[in-house]
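I opened a new page for this chain today. Here is what I looked up, in the order I went through it.

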Amino acid sequence: MVRRGDPAHIECCPQCGFRFRGRPEDHQHLSPLARRLQWAGYLAIFPMMLGVAAFIALTRNERGMIDFVGRDNLLMLMIFQPSIIFFILAAVVPKHRTYRCPQCSWQKTVRAG
């Protein structure tokens, strides 16, 4: 939530005086660093799926069924952990706020508190 005294909050366009009527959340988006972290989370899925395939191949018993043991469940958690960490980091990184004036095309991006 943005307070009125927040220096990153812009009430109106400095060129034409247009007042921004949207909620502060309407202008917020991920910062460039958060976008890179989010993409890393998406790309981490592919090596993880290879890890899952290897996990399934290595945990089959003599009948061909998958045999889950407590230690193997921990291994499965470790396969998915990098992607989860990247997504959490992308959510924790501060967001940016972009204001665009529809009248004079003025635009400014500031770091959200």
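Before starting, I noted the cut-offs for exposure: buried means under 20% relative accessible area, exposed means over 50%, and partly exposed is what lies in between. I also noted that this is a predicted model.

**Entry 1: Ile45.** With the cut-offs in hand, I looked up Ile45 and found a relative accessible area of 31%, so I wrote it down as partly exposed. Ile45 sits in helix α3. I then asked myself which residues make the nonpolar surface patch of about 640 Å². They are Trp39, Tyr42, Leu43, Ile45, Phe46 and Met49. Helices α2 (32-43) and α3 (45-58) each give at least two residues to this patch.

**Entry 2: Ser83.** From Ile45 I moved on to a residue that touches it, Ser83. Is Ser83 buried or exposed? Its relative accessibility is 6%, and therefore Ser83 counts as buried. I located Ser83 in helix α4, which covers residues 70-92. Leaving out residues up to four places away in sequence, Ser83 touches Gly41, Ala44, Ile45 and Met48.

**Entry 3: the hairpin.** Next I turned to the strands β2 (residues 96-100) and β3 (residues 107-111), and found them paired in the antiparallel sense over 5 bridges. I checked one partner: Arg97 has Val110 of β3 as its bridge partner. Between the strands of this hairpin there are 6 residues, and Ser105 takes a positive phi near 60°.

**Entry 4: Gln15.** Gln15 counts as exposed because its relative accessibility is 57%. What does Gln15 touch, not counting residues up to four places away in sequence? I found Cys104 and Trp106.

**Entry 5: the whole chain.** To finish, I stepped back for the totals. The chain has 4 helices and 3 strands, and from the N terminus on I read the order as α-β-α-α-α-β-β. Of the 113 residues, 28% are buried. Among contacts between residues at least 6 apart in sequence, 61% join residues at least 24 apart. The chain exposes about 8200 Å², and carbon and sulfur atoms supply 62% of that area.

Methods: Residues numbered from 1 in each chain as written. Predicted model: local features only at pLDDT ≥ 70, side-chain atom pairs only at ≥ 80, totals over all residues. Heavy atoms only, no water. Buried < 20%, exposed > 50% of the residue type's maximum accessible area, 1.4 Å probe, protein only. Contact = heavy atoms within 4.5 Å. Pairing = 2+ DSSP bridges. Areas by Shrake-Rupley, 256 points an atom, 1.4 Å probe, with all protein chains shown as cover. Patch = residues over 30% accessible without salt bridge, like charges linked within 9 Å, V, L, I, M, F, W, Y side chains within 5 Å. Salt bridge = Lys/Arg side-chain N within 4 Å of Asp/Glu carboxyl O.
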